[in-house]
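Hi,

Here is the structure I said I would pass on.

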Amino acid sequence: MLITVEYPVDGAAPELLTPEGISRVARRADDLGYDAIAFTEHPAPTKEWLESRAGHETLDVTTALAFCAAVTQRIRLMTYLLVLPYHNAFLAAKALGTVDRLSGGRLTVVAGTGYLPEEFEALGVDFDTRNERFDEALEVLRGAWSGSPVDHAGVHFRGHGIVQRPAPVQAGGIPILIGGNSALARRRAARNAGWSPILVTEQEVARQIRMPVMTVEGLSEMIAEIRDQAAGSGTSLLVQVQSAHAYVLRRRLPTADHREHLAQLRGAGVDSFVLKLPAESLDAAVQGLEEYAATYRRY
């Protein structure tokens, strides 16, 4: 099982949001063999959201990943996730392509449509057109990353003879996984590099989490559906999952329970698991990396 480390910004000690803190965590994750380090995106959240159960501080995602590229050698760099409708697609293509090139081809994009109307308003983007903007932006990204001239005359983005060079390092462009639990997200995932859902229980839905309930059994069926839809395309699909077990280190979940959970996910067709580190101090975050690697490396 590949393990993605989501940088511990929710409830994070201030030292984790410093150059020294990020460098130490990123380098240790790189040394220990973790697959990816990930940052999320909230450029203009409200005070109400920041103080809610879901709220947390964030860094600019491409800037943070570029910083990590400079202090690591092997680990992949991941947007988890990039709210694509927030961005002009040509600007996003250039920023992401730059991170990919400067990291030697280590960027993975997990992209979603977003869910905070107030943030869309602050950024001057129509919340109701986010799905249309998302699909059109994907088309622009693919074209821009080809290094060839792009002619695009869409509803939200327009450009004639646009060429972005240098192109990303990765052949075929930067891999894009689609975040979200919906049927629409799954259809998009089948046309891209994969899927990144969140397992949500009935109890979590009762606490106002705005996602469909998803069990491991249901996840298995959905993964099979996506791979059937993608059959014949020649695309290798990666499935990355976050669940309540992302907090295994923070909540001190029993080792046997977490190993069983990873085995169930693997049996369902999951390739990668998202891990949240302890965030009360920099030492705790690094110790969490070391503890998880030592305990679950074979799983």
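Let me start with the pair H9 and H11, whose axes are 8 Å apart and pack at an angle of about 25°. Because that angle is under 35 degrees, H9 counts as roughly parallel to H11. The crossing of H9 past H11 is right-handed. On the H9 side the contact uses Val216, Leu219, Ser220 and Ile223, and on the H11 side Gln264, Leu265 and Ala268. Sorted by class, that gives five nonpolar residues, two polar and no charged ones. Bear in mind throughout that this is a predicted model.

Leaving out residues up to four places away in sequence, Leu219 touches Trp195, Pro197, Leu199, Met214, Val241, Leu265 and Val270. Leu219 also turns up in the largest nonpolar core, which has 78 residues. Which members of that core touch the most other members? They are Leu16, Val25, Tyr34, Phe39, Trp195, Leu219 and Tyr292. There is a second, separate core of eight residues too, with Ala36, Met78, Tyr80 and Val274 among them. As background, nonpolar side chains tend to be buried together in soluble globular proteins.

Staying with H11 for a moment, His261 sits in that helix, which spans residues 255-268. Is His261 buried or exposed? It counts as buried, because its relative accessibility is 9% and the cut-off for buried is under 20%. Setting aside residues up to four places away in sequence, the contacts of His261 are Leu199, Ser243, His245 and Phe273.

Arg252 is in the loop between helix H10 (248-251) and H11. Its phi is near 55°, a positive value in a residue other than glycine. With a relative accessible area of 52%, Arg252 is exposed.

Now the other helix pairs. Helix H4 (residues 89-102) and helix H6 (residues 130-145) have axes that come within 9 Å and cross at roughly 50°, so H4 is oblique to H6. This crossing is right-handed as well: that is how H4 passes H6. From H4, the residues Ala89, Phe90, Ala92, Ala93, Leu96 and Gly97 meet Ala137, Val140, Leu141, Ala144 and Trp145 from H6. That contact divides into 10 nonpolar residues, one polar and no charged.

H4 has a partner in helix H3 (residues 61-71) too: their axes are 9 Å apart, and the packing angle is about 10°. That makes H3 roughly parallel to H4. Thr62, Leu65 and Ala66 of H3 make the contact with Ala95, Leu96 and Val99 of H4. By class, the H3 and H4 contact has five nonpolar residues, one polar and no charged.

Next, helix H7 (residues 183-191). Which of its residues are buried? Ala185, Arg186, Arg188, Ala189 and Ala190 are, so the list has arginines as well as alanines. Their cover includes H6, strand E7 (176-179), strand E8 (194-196) and helix H9 (216-230). Ser182 lies in the loop between E7 and H7, and at a relative accessible area of 35% it is partly exposed. Ser182 and Pro197 are 15 residues apart in sequence, and their C-alpha atoms are 8.7 Å apart in space.

Two peptide bonds to check before you set anything up:

- Tyr80 and Leu81 are joined by a cis peptide bond, with omega about -5°. Leu81 is in strand E3 (residues 76-83), and Tyr80 is one of the residues in the second core.
- The bond from Arg165 to Pro166 is cis, with omega near 5°. Pro166 is in the loop between strand E6 (158-162) and E7.

Lastly, Ala12 is in the loop between strand E1 (2-6) and helix H1 (19-32). Ala12 is buried, with a relative accessible area of 13%. From Ala12 to Arg158 there are 146 residues in sequence and 40 Å in space, C-alpha to C-alpha.

Cheers

Methods
Residues numbered from 1 in each chain as written. Predicted model: local features only at pLDDT ≥ 70, side-chain atom pairs only at ≥ 80, totals over all residues. Heavy atoms only, no water. Axes fitted to C-alpha atoms, helices over the stretch in contact; angles between N-to-C directions. Helix = DSSP H or I, 4+ residues; strand = E, 2+ residues; numbered from the N terminus. Parallel < 35°, antiparallel > 145°, perpendicular 65-115°, else oblique. Left-handed = near helix turned anticlockwise from the far one by under 90°. Contact = heavy atoms within 4.5 Å. Nonpolar A, V, L, I, M, F, W, Y, C, P; charged D, E, K, R; others polar. Buried < 20%, exposed > 50% of the residue type's maximum accessible area, 1.4 Å probe, protein only. Core = buried A, V, L, I, M, F, W, Y, C linked by side-chain atoms within 4.5 Å.
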